[in-house]
Every structure is written in C-alpha cells, then in structure tokens.
Amino acid sequence: MMRYVVHSVKMLMKSAMQYRSSLLMQVIAQFVMTGGELMAVTVLLSRFRVIGHWGAAEIMFFFGVMQSTFALTELFGRGIAAFQGFIGRGEFDSVLLRPRPLLLQVMCSQLDPRRLGSFIVGLAAIWMAAVQLKIAWTAAKALLMAEVVVCSVMLLLGLFLIEATMCFFSVKSIEMVNVLTYGGRSTCQYPVDIFPTPLRLLFTYAAPVALCMHWPISWVLGQPMVVLAQGWYYVTPLAGLVFFALMAAIWYAGAKHYRSTGT
Amino acid sequence: MNRLWISWKPYLMVFRLRALMETQYRAAALGGLVTQVFFGLVYVCLYTVLYDGADAAALQDTITYVWLQQMFFRMMFSNDGELTNLIMSGGVAYMMVRPLDQHRFWVCRDVGGRLVGAGMRMLPMLLVQLLLPKGCRMALPDSPAALAQFLLSVGLGAVCLCELSAIVDAINMKTLDRRGISAILNLTMMTFSGNVIPLTLFPDSVQMLIRYQPFAQALDAPIRMYQHAAGLPEWLLNVTVQIAWIVVLRLLGRWMWQQRMNDMTVQGG
C-alpha cells in the first residue's frame, strides 16, 4: 500500500513539473494570496496592538500554524477537496473497479503543489513569531507541535470529507459546506477563545480545531487557554484523528449510494 | 436616437441575457448567502473583540463596512471562465465573425451578471439583518443623500470592476491559463478592495494612497459614501476619481483586446 502511495506521489510530481513556469506562477499566486491575509492581520495588529488577551506575536503564531496546516491539507487532500469534479466527470467509476482502498485512491489521484506558496507564508509567520516570543524550545514542545500539525491536517481532511460525502447525494453546487473548511480557516486563524460562545463551541467540540490546534499551542506559548495536566495537551489533538475516522466512515457509507453520472 | 438604439441593441441584449442566466442559479445564490452571512458574523465578532468597547461609533462603521462587503461579494468576484473556454474549444471563431465590438460586448455581459448576481443575494441579506442581534447589525445609511450617492457609486464601481476584469480576460487570452497572472490580479484585488479587511482600518499615513487606487473604486468608495454623506466638492472628487479610473482602465483594456483580436489563434476543429 505504501508503494502505491509513493508511486502516485512521484507520478503526480512528475506531471506537475511538466509545466514548470505555469506551476511557478501558481505558487506565486498562492504566495500573494496568503501574503495578503498576513498583511491584513499585520494591519489589524498595528492598529489595535492586542486581540482579546493575546499580543501581536502570539496572534501571528496562531495565524502561521493555521495557514501552514491548511496549505498542507490542500496540498495532499486535493483529491478530496475537488471531489465534486471527480463525480461530475464520472471518474469515480474507475476508482470503484480497482482493488485498492477507495479513499486512498481518491487522495492519491491529485496533488496541489501550488499550495506551497501559502505554506511558505505560514511558516514565515510562525518563524517570525517564535523569534519574537523567544520560545524556549524543548523536545517535548517540538514533539507536540509535530503532533498538532499531523492531527490538524487529519481534522481538516475530515472537514473536506463532509463536502465530498455530500457529492454522493447532490451533484449541484454545495458551497454551503465551505463555512466549515474555508470559514474554519478564517475563524480559527485567531485563537478560538476570543469569539462568543456559539462559535467557540462549534470549533471546539463539533469541528474540534481548538482541541487539535489552539489548546496545545496556547500551552506551548505559555498561556494555556484551558488549564490541564501537561499530559492532556498531548491527548486532545487526537480528536482530529477520531474526527477523520468518523468522517471517513460516513464517506464510505455514502459511497454505497453512488450513482454514476458518466457515460 | 433610433440609430443609437440600433447600435447599442446587441450589447443591451447580452446584458439582459447574462442577467437572466444569473437568475437561474438560485441554489448557488442560497449557498452563497449562507457562506456570506457566516463570514460576516465571524468578522463582526472579531472586530467587536478588537475595539473592546473603546469606540462604539468606529465599531459600528466597521460592522456596516463588513456587511456591505459581504452583500456585494458576488459583484466583486465573478469570473465564469466562459471566454477561455471559447478560445480553447475554438468557439471564439463564431464570436469574432460577429460585427460587434468584442470588448464592449464582454464588458456589458459582465456588468449584467455582476449587478443581478449581487442584487439576488442582497435582498435576502437585508432580511437576515433584521434577525441579527442588535450589536451585530449594519447601520442605515447616513442620510437619504448618502444612500443616493452610494447607489450611483456602486453602479460606477461595477463598471470599473468589469473594465478591470476585461484586462484580466485579455491576459487570459494570451496565456490561456486562468490560474497564473490573472489569479494574482484577482487575489490582489481581494485584499485591496477591502474584502479581507476594511480599507478604512489601514494606517492613516497610507489612507490617501489606499482609497484612490483602482481596486478601492469598486466597493470601498461607495461604502465610504454610504457611511458619511459627502459635501458637493468631496463628492465630485470621489466620483471623478471613479470615472477617471474607468476611463484609464477602459483605454488600456481596449488596447489589449485589440492586440489579442489581431493575433487570435482559433483552436480545435
């Protein structure tokens, strides 16, 4: 199975590199887009100095983690995020015929290398913030950050899976579900505790971005949002894996209702 | 008069056709409504925290700005890719044999889609405002005069956007790839039109620069009029800037279209 994944990624990279200048332009476009978001946050911080009880550097750190994990998700999860096209073109039929796990095939069908542009901006924001905050990095903190990234990517993939599942039932535009993915990115690039209760509950327990990202990060920053025993900060991000597993199960159930649209 | 009518008829027709087409996408409009209301609410919450009870009037202005941006989202971002499809499929040949001014034809088509698309989403958004709790709502216009100035200015803004988008189209005709240079232009617009963050919040030192650049003419200039009715000299200045950008962008766009029409390759068969 690993061989299948590695082979797919290799082939996709090869095909992306066929149009080098086009790819470069697209990476720059993404860089400009996320750079614009970064500028917006900078403008806000220069006017208001603080957001809730968070200082400028902390906000930048949260922003960076959200943007870079979201970029990674879109980079590897293109197949899921663009699942509508998959169904519309009738390509899912051929997926069903192959003796490999369905979801793995969908994920390995497309890459989105232009998201590297956003990823770079996210990393730059994290780096700038970490330098300003003089975070005392320990192995424990670095390990937790790695866990946060992996679990957040899985959680975001799970959110994109909701959209993908809807595609089995309706071939029409379903941009409504965007509120959880793209809306989640715009909301949760700020620490969730600045928002009123309904939004906070939504992004803590229903779509657990706070559990995966904000709680552990706030502990790394030395200003825990929720005071827990240290071990717990390693446990809450696992909610992302659970969420992904749940959504994947629902997606598989939805796949049973698939009716081909192709010819 | 009659001659004028005949010469403009095809352009008015395509305006009407594109507008009618837009009214068919009601499900998309509903989906857009949910998304825009959600984003609006998130921004309102964010700015409420940012102002932290310090300046109620400025907060209300910012909230109104956010809602107006969300209401006119469809006007700001509308790129249906029809033209690139035509070129890729070879259909562009049929387009070019028509005895029409291609640039004007596409601009009129674009204005129709944008204005009607925005109108369809605007009315339900206004109803939603009534359901919102008091601190989240947008304010009424400053005065009837402000509303009139706003409406006129939005019309000019839509034309300005379409001239801009015709330039993007001309670039697309050359590169045949909507994700490259044209994407950069579109994304730059997102930031500098005031959609990501109200342009009024930029530092005071760059305000003059930021409010008179072309992207601000689309919606930022109208919103400023909605919030503060301008006196005659100031109003004249603002409208002149809008019209000046329309003229500049139009001349540039027409020149670019001329180049592209001259070296068009008809693909497909």
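Read along the sequence, chain B of this predicted model follows the pattern α-α-α-α-α-α-α-α-α-α-α-α. Along the principal axes, the C-alpha atoms of chain B fill a box of roughly 65 × 40 × 40 Å. Of the 269 residues in chain B, 43% are buried. Contacts in chain B were also sorted by sequence separation. Among those with a separation of 6 or more, 83% join residues 24 or more positions apart.

The contact between the two chains was examined next. Chain A contributes 33 residues to this contact, and chain B contributes 28 residues. On the side of chain A that touches chain B, helix H2 (20–48) and helix H10 (178–188) each supply at least two residues. H2(A) gives the most to this side, with 16 residues. By class, the side of chain A that touches chain B comprises 19 nonpolar, 10 polar and four charged residues.

Two packed helices are described by the angle between their axes and the distance between the axes. Helix H9 (residues 139–169) and helix H12 (residues 209–220) of chain A pack at an angle of about 160 degrees. Their axes lie 9 Å apart. The angle is over 145 degrees, so H9(A) is roughly antiparallel to H12(A). The crossing of H9(A) and H12(A) is left-handed. From H9(A), the contact draws on Lys141(A), Leu144(A), Met145(A), Val148(A), Cys151(A), Ser152(A) and Leu155(A). From H12(A), it draws on Val209(A), Cys212(A), Met213(A), Pro216(A), Ile217(A) and Val220(A). By class, the contact of H9(A) with H12(A) has 11 nonpolar residues, one polar residue and one charged residue.

Helix H9 of chain A also contains Ala164(A). Ala164(A) counts as buried because 27 C-beta neighbours lie inside 10 Å, and the cut-off for a buried residue is 20 or more. Leaving aside residues up to four places away in sequence, Ala164(A) touches Ile80(A), Phe83(A) and Trp251(A). Ala164(A) was also compared in position with Phe86(A). These two residues are 78 residues apart in sequence, and their C-alpha atoms are 9.7 Å apart in space.

Backbone geometry was inspected in two loops of chain A. Arg49(A) is found in the loop between H2 and helix H3 (56–76). Phi of Arg49(A) is near 70 degrees, a positive value in a residue other than glycine. Arg49(A) has 10 other C-beta atoms within 10 Å and is therefore exposed, given a cut-off of 12 or fewer. Lys134(A) is placed in the loop between helix H8 (116–133) and H9 of chain A. Lys134(A), although not a glycine, has a positive phi of about 50 degrees. With 8 C-beta neighbours inside 10 Å, Lys134(A) counts as exposed.

Key
Residues numbered from 1 in each chain as written. Chains lettered and ligands numbered in written order. Predicted model: local features only at pLDDT ≥ 70, side-chain atom pairs only at ≥ 80, totals over all residues. Contact = placed C-beta atoms within 7 Å. Helix = DSSP H or I, 4+ residues; strand = E, 2+ residues; numbered from the N terminus. Nonpolar A, V, L, I, M, F, W, Y, C, P; charged D, E, K, R; others polar. Axes fitted to C-alpha atoms, helices over the stretch in contact; angles between N-to-C directions. Parallel < 35°, antiparallel > 145°, perpendicular 65-115°, else oblique. Left-handed = near helix turned anticlockwise from the far one by under 90°.
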